[in-house]
Amino acid sequence: MDKKDAGNGECPRLDRERVRTLERPDLYVVARMLERLWHERSPMLKTRLQTAIGTNYDVFSRYLDWMLEKGLVTLIEQDGHQKVELTDEGRDSYRRLVQWINETVHGKT
Amino acid sequence: MRVGRALSDWRLIALVSSAAGGLTYLLLSITQNYSPSSLGWFIALTYTWWASFIVCILMTVAPWRPLNFEGTWDPVKLRRAGFEVIVRGEDFDLRVAKFSMTRIRVRGGERYFRTLPTSTGLWVIFLLSFFPFFTVLAFLFLLYIYMQAHEGLRTYGPLLKDISRPTEPSVEELVLDSLTSAYMMARQAVDANRSRFQDHCIIMATMAIIGFGALLLSSVRLPFDADEYAWRLGGGTVLLITITIIGMLALWRRARRMAEEDERWANRLMAVMNGAVPEETSAIELLLRAVSEAPRWLNAHRRAMWYRRPGLTLLIALLLDQGTIFLFIGIGFDLVRLLGGGLFAIGVLLLLDQYRRGRKESELLREEWTRKMQEMENVLGLTGKG
């Protein structure tokens with residue numbers, strides 16, 4: 001397991017093996033995770049996020065690691081628990097996704 | 001907003017005159033007791049028939065008229081405001097009345113429009129044009145469509161001025177707007193499928209009536225035999241009714257299945273908009289899945305093959321109709337039958353070409369949506385290995 005301490009309370013743990021097995025992430029799962037984190041005003045517990053998107057732990061962990069590698073989310077230590085938070089890039093990706101959907105349903109090419 | 005008066009166009013007056021001239025000639029011919037078998041009467045009848053039909057077609061493909069309006073004719077804004085809009089490449093169709101649509105084109109800052117019948121209006125014109133004197137009614141109906149289109153644009157112009165959109169909406173506003181638009185698309189698809197079923201039933205019933213008329217004429221044999229006539233007529237009528245009922249049942253089952261599926265979509269979207277779903281339900285996932293349904297919903301309105309170019313559709317109907325008639329009534333006149341065969345062949349070729357273009361357009365639409373989905377996945381960096 002690859003550990004990296006950013007020195008500012010952030011402890012991202014990235015399982016590269018799990019990320020490698022996620023060859024083609026499911027768009028709907030990624031979108032659900034981004035949406036759920038967007039609506040949270042504070043970092044979210046991993047277990048709560050897993051319940052919100054409705055997957056098992058193994059699948060959730062693979063997607064979480066994939067999103068960590070892409071820089072869409074980050075893990076932070078808060079109140080003795082590890083929590084997930086959207087990065088600026090994650091927020092921007094979600095905003096672009098919503099804009100793309102809006103333009104598509106309105107028939108703009 | 002200025003929209004030219006329909007009857008002020010000199011071309012329209014010229015076309016009306018040609019149609020009226022042919023009809024007048026026919027009436028004069030009848031009052032002067034022309035023999036039905038004379039070539040002159042036949043020519044007069046055909047001229048009236050053709051003249052009225054050609055007038056209809058020319059009016060349907062009437063030249064583009066300038067649309068003087070301060071503001072922006074944006075199909076996206078129009079759709080958001082609740083108007084029925086169908087985008088066709090760089091142009092778009094706007095429904096302004098029950099039987100009238102306008103095709104709007106913007107070129108280099110200049111705006112133009114052309115009047116078109118809706119799908120129902122097109123079928124009414126087509127069916128009326130089967131009989132010589134009814135083509136005059138078809139012409140009058142098309143004139144009504146023309147006037148309604150002008151009136152509709154005058155009415156909507158001031159309303160469209162007030163349509164505006166706030167700049168830089170928030171993500172939540174975009175999501176709600178997307179849900180609303182997807183709901184409207186799904187709801188319009190439900191209505192379009194139901195309307196199409198009703199239209200098809202009317203068409204089937206009308207064609208059954210026309211078929212019965214043809215059956216009546218074809219059942220007559222010389223020397224006349226009452227028993228044979230009754231058998232032919234009775235058997236043919238039963239066959240016609242059976243085919244019509246089976247056809248309607250098949251159409252009803254198909255339309256109901258499609259309408260139910262779209263109805264379920266509309267209900268799910270409405271439930272999410274109203275917040276009447278569990279917190280774990282994802283609005284963004286529902287929207288992404290709705291996006292994949294959008295091509296089918298758009299096709300419920302598009303009907304690319306027949307209504308994209310109504311002038312050409314009417315021309316095909318004319319060629320097939322006249323070709324068939326010339327083939328059957330030109331007995332003894334080889335030249336007439338040859339002409340009929342030629343017209344029919346041209347009509348079939350144009351029909352096949354329309355079908356091929358329609359399939360090509362559907363294929364391009366699928367490719368476009370596949371490209372869009374790929375583009376969307378690129379937004380999230382989902383392409384390639386993770």
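Figure 1. Ile241(B) is placed in helix α7 (residues 226-274) of chain B; helices are DSSP runs of H or I with at least four residues, strands are runs of E with at least two, and both are numbered from the N terminus. The model is predicted: local features need pLDDT of at least 70, side-chain atom pairs count only at pLDDT 80 or more, and totals for chains, interfaces and linings use all residues. Side-chain values use heavy atoms, with hydrogens and water left out, residues are numbered from 1 along each chain as its sequence is written, and chains are lettered from A and ligands numbered from 1 in the order in which they are written. Together with Ile245(B), Leu249(B) and Trp252(B), Ile241(B) forms a nonpolar patch on the surface, with about 390 Å² of accessible area in total. Patch members have over 30% relative accessible area and no salt bridge; nonpolar side chains (Val, Leu, Ile, Met, Phe, Trp, Tyr) are joined within 5 Å, and like charges within 9 Å. A salt bridge is a side-chain nitrogen of Lys or Arg within 4 Å of a carboxyl oxygen of Asp or Glu. Areas come from the Shrake-Rupley method with a 1.4 Å probe, and for residues only the protein chains shown count as cover. Ile241(B) counts as partly exposed because its relative accessibility is 47%; buried means under 20%, exposed over 50%, and partly exposed in between (1.4 Å probe, protein chains only).

**Figure 2. A tilted aromatic pair in chain A.** Over all chains there are three aromatic pairs, defined as rings of Phe, Tyr or Trp (its six-membered ring) with centres within 6.5 Å; planes under 30 degrees apart are stacked, over 60 edge-to-face and the rest tilted. The rings of Trp38(A) and Tyr94(A) have centres 5.1 Å apart and planes at 40 degrees, so this pair is tilted. Since Trp38(A) belongs to helix α2 (residues 27-39) and Tyr94(A) to helix α5 (residues 88-105) of chain A, the pair ties together parts that are 56 residues apart in sequence. Both Trp38(A) and Tyr94(A) are buried.

Figure 3. Phe99(B) is in the loop between β3 (91-95) and β4 (100-107), whereas Phe141(B) is in helix α5 (residues 134-161) of chain B, 42 residues apart. Phe99(B) is buried at a relative accessible area of 19%, and Phe141(B) is buried at 15%. Ring pairs link these two residues and Tyr144(B) into a cluster.

**Figure 4. Arginine charges over aromatic rings.** The charged end of Arg91(A) sits over the ring of Trp38(A), 5.6 Å from its centre. Likewise, the charged end of Arg289(B) sits over the ring of Tyr28(A), 3.8 Å from its centre. The criterion is NZ of Lys or CZ of Arg within 6 Å of the ring centre and within 35 degrees of the ring normal.

**Figure 5. The surroundings of Thr102(B).** Thr102(B) is placed in strand β4 of chain B and is buried, with a relative accessible area of 0%. Apart from neighbours within four places in sequence, Thr102(B) has contacts with residues including Phe92(B), Leu94(B), Phe113(B), Ala149(B) and Leu153(B); contact means heavy atoms within 4.5 Å.
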